[in-house]
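Hi there,

Here is the structure I promised to pass on. Have a look at it first, and then read on for what turned up.

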Amino acid sequence: EGLFSNGSRVRVQTVQIALRAVGTTYELDGLPNPCFKPNQPSFLRGLELLLRGYKKEDPPAEPKLAVPVIILKQLYITSQKNPTPRSTLIVNLCNIAFFYLLRAAEYTNTGSKTQSKR
């Protein structure tokens with residue numbers, strides 16, 4: 001069982017990211033990527049089977065609470081009541097964090113009844 005230094009379990013997605021990073025390092029050095037089939041985006045067969053096995057062992061994903069978009073709207077409205085450079089900066093940083101640093105599709109709740117498959 002793979003563990004991080006803090007004792008939490010390593011999941012298959014972490015392994016995939018690490019393998020892609022190794023392959024990218026090779027490619028940046030002008031060498032062929034050892035993790036992927038030539039000219040194809042899929043992992044080599046052995047790695048693919050290994051990752052599939054890891055995925056079966058992973059516990060189910062824990063759902064996260066959705067952050068409604070109304071929070072950003074309310075933040076913007078509040079900042080416009082008394083616009084200062086600081087309040088503008090805070091609103092802009094919150095927008096960046098919400099739409100760029102977070103994956104918006106996983107952390108937003110539009111209120112509709114349709115759900116993504118994620």
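How much accessible surface does the protein chain have, and what share of it belongs to carbon and sulfur atoms? It comes to about 9,900 Å², with 60% belonging to those atoms (Shrake-Rupley method, 1.4 Å probe; for residues, only the protein chains shown count as cover).

Before the rest, a word on the ground rules. This is a predicted model, so local features need pLDDT of at least 70 and side-chain atom pairs count only at pLDDT 80 or more, while totals for chains, interfaces and linings use all residues. Residues are numbered from 1 along each chain as its sequence is written, and side-chain values use heavy atoms, leaving out hydrogens and water.

The protein chain has five helices and two strands, in the order α-α-β-α-α-α-β from the N terminus. Those are DSSP runs numbered from the N terminus (helices H or I, at least four residues; strands E, at least two). Of the 118 residues, 13% are buried (under 20% relative accessible area; exposed is over 50%, partly exposed in between; 1.4 Å probe, protein chains only).

Start with helix α1, residues 12-28. Its 17 residues reach 24 Å from first C-alpha to last, close to the 24 Å expected at 1.5 Å a residue (the expected span is 1.5 Å times one less than the number of residues). Its buried residues are V12, L19 and G23. Seen down the axis of α1, they fall within an arc of 35 degrees, so they line one face of the helix (the arc is that of the directions from the helix axis to the C-beta atoms). I17 and L28 are exposed on the other side of α1. The cover over the buried residues includes α2 (45-57). After α1 comes G30, with a positive phi near 80 degrees.

Now the core. The largest nonpolar core has six residues: V12, L19, C35, F36, F43 and L51 (buried Ala, Val, Leu, Ile, Met, Phe, Trp, Tyr and Cys joined through side-chain atoms within 4.5 Å). Beyond its neighbours within four places in sequence, F43 is in contact with residues including L19, C35, F36 and L51 (contact means heavy atoms within 4.5 Å).

There is one aromatic pair (Phe, Tyr and Trp rings, the six-membered one for Trp, with centres within 6.5 Å; planes under 30 degrees apart are stacked, over 60 edge-to-face, the rest tilted). The rings of F36 and F43 have centres 4.6 Å apart and planes at 15 degrees, so the pair is stacked. Both F36 and F43 are buried.

Cheers
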